[in-house]
Amino acid sequence: MDKKHQDIAFFLAFCIEQYMNEKGLSHEETMSHLTKCGVLDYLAEHFEILHTQSRQWIIEDIDEYIKERKEI
């Protein structure tokens with residue numbers, strides 16, 4: 001795995017863990033929720049911008065992304 005893909009993998013793991021802890025979900029619930037809404041693809045696609053943001057900003061961005069997907 002090259003450095004960029006490794007960085008993205010670490011970032012996704014960080015986001016999953018933080019979101020899970022913030023929302024009080026199990027790992028299974030978190031993965032199901034984030035996968036169903038396409039959040040992991042979104043985070044990976046926009047890694048360059050998102051990885052520079054704060055933990056709280058990322059969680060809020062994930063919530064906003066999920067909310068927008070539910071409205072479609």
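A: Cys37 lies in the loop between α2 (27-36) and α3. Helices here are DSSP runs of H or I with at least four residues, strands are runs of E with at least two, and both are numbered from the N terminus. The model is predicted: local features need pLDDT of at least 70, side-chain atom pairs count only at pLDDT 80 or more, and totals for chains, interfaces and linings use all residues. Residues are numbered from 1 along each chain as its sequence is written, and side-chain values use heavy atoms, with hydrogens and water left out.

Is Cys37 buried or exposed? Its relative accessibility is 12%, so Cys37 counts as buried. The term buried means under 20% relative accessible area, exposed means over 50%, and partly exposed covers the range in between (1.4 Å probe, protein chains only).

The partners of Cys37 come next. Setting aside residues up to four places away in sequence, Cys37 touches Tyr65, Ile66 and Arg69. Contact means heavy atoms within 4.5 Å. By comparison, the C-alpha atoms of Cys37 and Ile16 are separated by 13 Å, with the two residues 21 apart along the chain.

With 13% relative accessibility, Tyr65 is counted as buried. Apart from neighbours within four places in sequence, Tyr65 is in contact with Cys37, Gly38, Val39 and Tyr42. Asp2 stands 63 residues from Tyr65 in sequence, and 28 Å from it in space, C-alpha to C-alpha.

Ile62 touches Tyr19, Leu34, Val39 and Leu43, when residues up to four places away in sequence are not counted.

Two further residues extend the picture. Gln18 is part of helix α1, and its relative accessibility of 17% is the reason why Gln18 counts as buried. Beyond its neighbours within four places in sequence, Gln18 is in contact with Arg55 and Ile59. Ser54 sits in the loop between α4 and α5; at 43% relative accessibility, Ser54 counts as partly exposed. Ser54 and Ile66 are twelve residues apart in sequence, and their C-alpha atoms are 18 Å apart in space.

Finally, the whole chain may be considered. It has five helices and zero strands. Its radius of gyration is 12 Å, close to the 11 Å that the globule rule gives for 72 residues, so the chain is as compact as a globular protein of that length. This radius is taken over C-alpha atoms, and the rule is 2.2 Å times the number of residues to the power 0.38. Of the 72 residues, 33% are buried. Among contacts with a separation of 6 or more, 63% are accounted for by residues 24 or more positions apart.
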